[in-house]
Amino acid sequence: MMTSSLDEAILRILPTDRDLESWMSTSQVLQLLKDRGHRVDYPKQLLRRLSMLERDLLVLSTVSGRHRLWQRKSWLRGASQVASLMSASEAVAFHALRRFVGDKLPAAVTRDIEPLFKAADTRLSQDREDSRLYRAWVNKIDSVEPTYMLSRPSINPEVFQTVVTATFFERELLVRYRPAYRETRADDVKPKRLWPLALVESAGLMYMVAQSPEHPPRPDEGKPHWLRILYRMDRITSAVDSGNAFAYPRDFRLQDTIENEQVFDFLPESPVVLELALEPAEARRLTERHMVQDQTLEPLPDGRVKVTGTVVPSVKLRRWLRSLGAAVEILAPPSLRDEFARDATTLAMRYGAAG
């Protein structure tokens, strides 16, 4: 039998004769499926799937009073049994998955593979010759933000899981969103119909990339593309999964949005040729990590290094340039040079620097 994703979810939910509670009612199965983000339109649909699984000898049923109870046929199951077949390499992979991205997975995924997470812990805790090295690996790797990090704003866990689940199953959301730096009550904000396309973490903040079905392309108005917007997850005050599936747009690719459109650089502008005069130490860093692919370096008479390349001006680019302080001088374009000159004058006045 070829099982569907719903069938697989049912089989993972059902208990076996080895469990303390070895039978489960239809209503319990239905509620657990909904809790994990699976859509079941009506109870009879679930009954049909359970009956088909019973016909294929994958589940058993019995009657208790007015209720029909279900049980999965027992096969290899449980953390200790799975661990006996799991290699140390697989255990490390599941252990690292849970540590680094476990909080970004929808419940429909994490709850289904929770036995594998537990099996990985069991496998790595066993007294085997290879266990120590594999167990230690996840504590030998980590990631650190390159800039000073402010505290992460809290995200409502129910909102987060609703958004993650709707993104996974490609279902429309009704979202109430608080604009930046505005204190508003949830009831004051009109819900937006949104199609969640992707989730991205950037500089300690989590964003949802979404488009609204109420803002389709309007070529006659000079808007040939869908309006797609970033929504900060901590500013979403409520999110309701409508249960309505949407057709995932074929023209959307997350990597293009990040790399080509550079929306996560924030307020990107038209490309320009940027010319910088850098102190030698900063210039050496750019020989290892290029500013852009077409960058060139040439020495200047005063000992500094001229760096030239095509960039997209943005909030993120300006933050990087400001982080270099007095080690950088913007030579071109003139508009960007004038902007930084004005900022420098303002700073000098605030700090009372002598002319």
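Predicted model: local features only at pLDDT ≥ 70, side-chain atom pairs only at ≥ 80, totals over all residues.

Student: At what angle do helix H2 and H3 pack?
Tutor: About 105 degrees, with their axes 10 Å apart. Axes are lines fitted to C-alpha atoms, for helices over the stretch in contact, and angles run from 0 to 180 degrees between N-to-C directions. H2 is therefore roughly perpendicular to H3 (65 to 115 degrees counts as that). Helices (H or I, at least four residues) and strands (E, at least two) are DSSP runs, numbered from the N terminus.

Student: Which residues of H2 make the contact?
Tutor: Thr26, Val29, Leu30 and Leu33. On the H3 side they meet Pro43, Leu46, Leu47 and Leu50. Contact means heavy atoms within 4.5 Å.

Student: How do the axes of helix H1 and H3 cross?
Tutor: At roughly 75 degrees, coming within 11 Å. So H1 is roughly perpendicular to H3. H1 contributes Leu6, Asp7, Ile10 and Leu11 to the contact.

Student: New topic. In what order do the three strands of the sheet come?
Tutor: S1-S3-S2, in an open sheet with antiparallel pairing. Two strands pair if DSSP finds at least two bridges between them. The edge strands are S1 and S2.

Student: How many bridges join S2 to S3?
Tutor: Six. Among the partners, Thr62 bridges to Leu69 in S3.

How values were computed:
Residues numbered from 1 in each chain as written. Heavy atoms only, no water. Parallel < 35°, antiparallel > 145°, perpendicular 65-115°, else oblique.
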